[in-house]
Each structure stands twice: as structure tokens, then as C-alpha cells.
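Work through the exercises below with the structure open. Each task is followed by its solution.

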Amino acid sequence: MGRRLVPLTLDNLPDIPKPCRRCVFWELDPVSGEAAVQAGKPEVEKEAWISAVLLEWGSCGRVAYVDEVPAGFVLYAPAAYVPRSTAFPTSPVSADAVQLMTARILPGYQGQGLGRVLVQTVAKDLVRRGFKAIEAFGDAAWDTPACVLPADHLTAVGFKTVRPHPRYPRLRLELRSTISWREDVEMALDRLLGAVQKEPALRPL
């Protein structure tokens with residue numbers, strides 16, 4: 001089984017699931033996001049966002065292929081590029097961290113360590129760029145697949161709450177480049193990415 005991870009670009013954007021290509025939950029503020037959906041052009045806004053981030057900041061995602069078939073992806077960026085993050089009551093994301101926006105392992109490829117490989121690749125990229133952590137907003141009342149990951153799953157795999165909230169706590173995972181971190185946390189995140197995304201998890205606004 002051949003695995004290949006490549007940076008997300010406009011060329012391979014069609015290789016992520018269609019609901020994800022149409023989702024601009026994180027990429028736009030709530031008002032602009034709703035307007036893009038109403039206008040029927042969320043894909044255009046998604047492409048514009050990826051193009052701008054690639055130009056100004058660099059790689060903001062990875063696409064995983066198994067035997068040349070798309071099997072999963074992850075998307076991440078500094079909070080300055082994630083307008084929706086300011087809408088959360090526990091914002092802002094820390095200056096030394098990058099926000100984990102979304103990630104998905106497609107059905108049929110879960111439980112094979114692919115999520116661990118994605119996370120390891122992201123972690124190495126962020127450490128190289130001088131960041132110290134990954135942060136995410138959790139949903140404490142999560143009950144169905146959505147754009148915001150469930151808070152209890154995040155804490156279960158090693159994220160620590162840095163700003164509590166009854167609904168949307170902000171959580172943080174330190175990027176300690178140690179063997180124990182790679183073994184323990186990456187394996188746990190692999191379980192998270194597989195278990196949480198049992199169904200198409202990203203939905204248009």
C-alpha cells in the first residue's frame with residue numbers, strides 16, 4: 001500500500017471531498033460566509049483563501065493519497081488567516097500557535113495510521129516554522145459531525161484547555177519534539193481523526 005502526502009494547492013483541491021471544497025466555515029467571517037453560500041460561490045471563496053494563504057504564509061494543508069487515491073486531508077493556518085476564529089468567545093488563538101481548522105480521514109482508510117502520518121507532517125512543518133503548539137476550538141455540546149471538533153475528544157487525546165467555556169473552550173497541544181510525544185499524542189490524534197469523522201463532517205453554512 002503506497003502512501004503519499006503532498007501540500008494542498010489549487011491543483012489538488014478537487015481531491016478533497018466536495019462538501020469540504022464548498023465549506024468556508026473557517027475561511028470567512030460569519031457574514032461573508034453566509035453571503036458566499038447565498039451567492040452560490042463558496043468554492044470560489046475557498047480557492048481565493050487558499051491562494052492568498054499560500055502566497056503570504058505558505059503551505060496550509062496536506063492531502064494524503066493511498067495508492068494514488070485521495071484518502072484524507074488536514075487544513076491549518078495562523079488565526080490571522082482564519083476569520084471565523086474571532087467569532088468564538090474564547091478567542092484569540094495564542095501567537096505561538098497555529099489553528100487546526102479541520103481534518104478528515106475518509107471512510108475505508110480510518111484506523112490505518114494515516115491520521116498519525118498527517119499530524120506528524122503538520123507538526124514537523126510547524127516546528128520548522130518556529131511555532132510551539134497547535135490550538136483548536138472545541139464544542140462541548142457536540143452531537144453530530146460538524147466543522148468544530150468535539151471538546152471531549154480533543155482533551156482525550158492530549159489537548160489541554162487554555163480558556164474554558166461552557167460551549168466553546170479553546171484547547172492547546174504542545175509541539176514537543178520528543179519520541180514519547182510522537183508515539184503517544186500522534187497515535188491518539190490518529191484515533192481522533194478516524195473516530196470523529198465517521199460521516200462527511202464539514203457542512204456548508
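This is a predicted model: local features need pLDDT of at least 70, side-chain atom pairs count only at pLDDT 80 or more; totals for chains, interfaces and linings use all residues.

Residues are numbered from 1 along each chain as its sequence is written, and side-chain values use heavy atoms, without hydrogens and water.

**Exercise 1.** Determine whether G138 is buried or exposed, and list its contacts beyond four places in sequence.

Solution. G138 lies in strand 5 (residues 133-139); strands are DSSP E runs of at least two residues, and helices are H or I runs of at least four, numbered from the N terminus. Its relative accessible area is 0%, so G138 is buried (under 20%; exposed is over 50%, partly exposed in between; 1.4 Å probe, protein chains only). G138 is in contact (heavy atoms within 4.5 Å) with V148, L149, A151, L154, R167, Y168, P169 and L171.

**Exercise 2.** Which residues touch the most other members of the largest nonpolar core?

Solution. A nonpolar core joins buried Ala, Val, Leu, Ile, Met, Phe, Trp, Tyr and Cys residues through side-chain atoms within 4.5 Å. Among 52 residues, the answer is W26, W49, W57 and L126.

**Exercise 3.** Characterise the salt bridge between E27 and K46.

Solution. A salt bridge puts a side-chain nitrogen of Lys or Arg within 4 Å of a carboxyl oxygen of Asp or Glu. For E27 and K46 the closest N and O atoms are 2.8 Å apart. E27 is buried at 4% relative accessibility, and K46 is buried at 3%.
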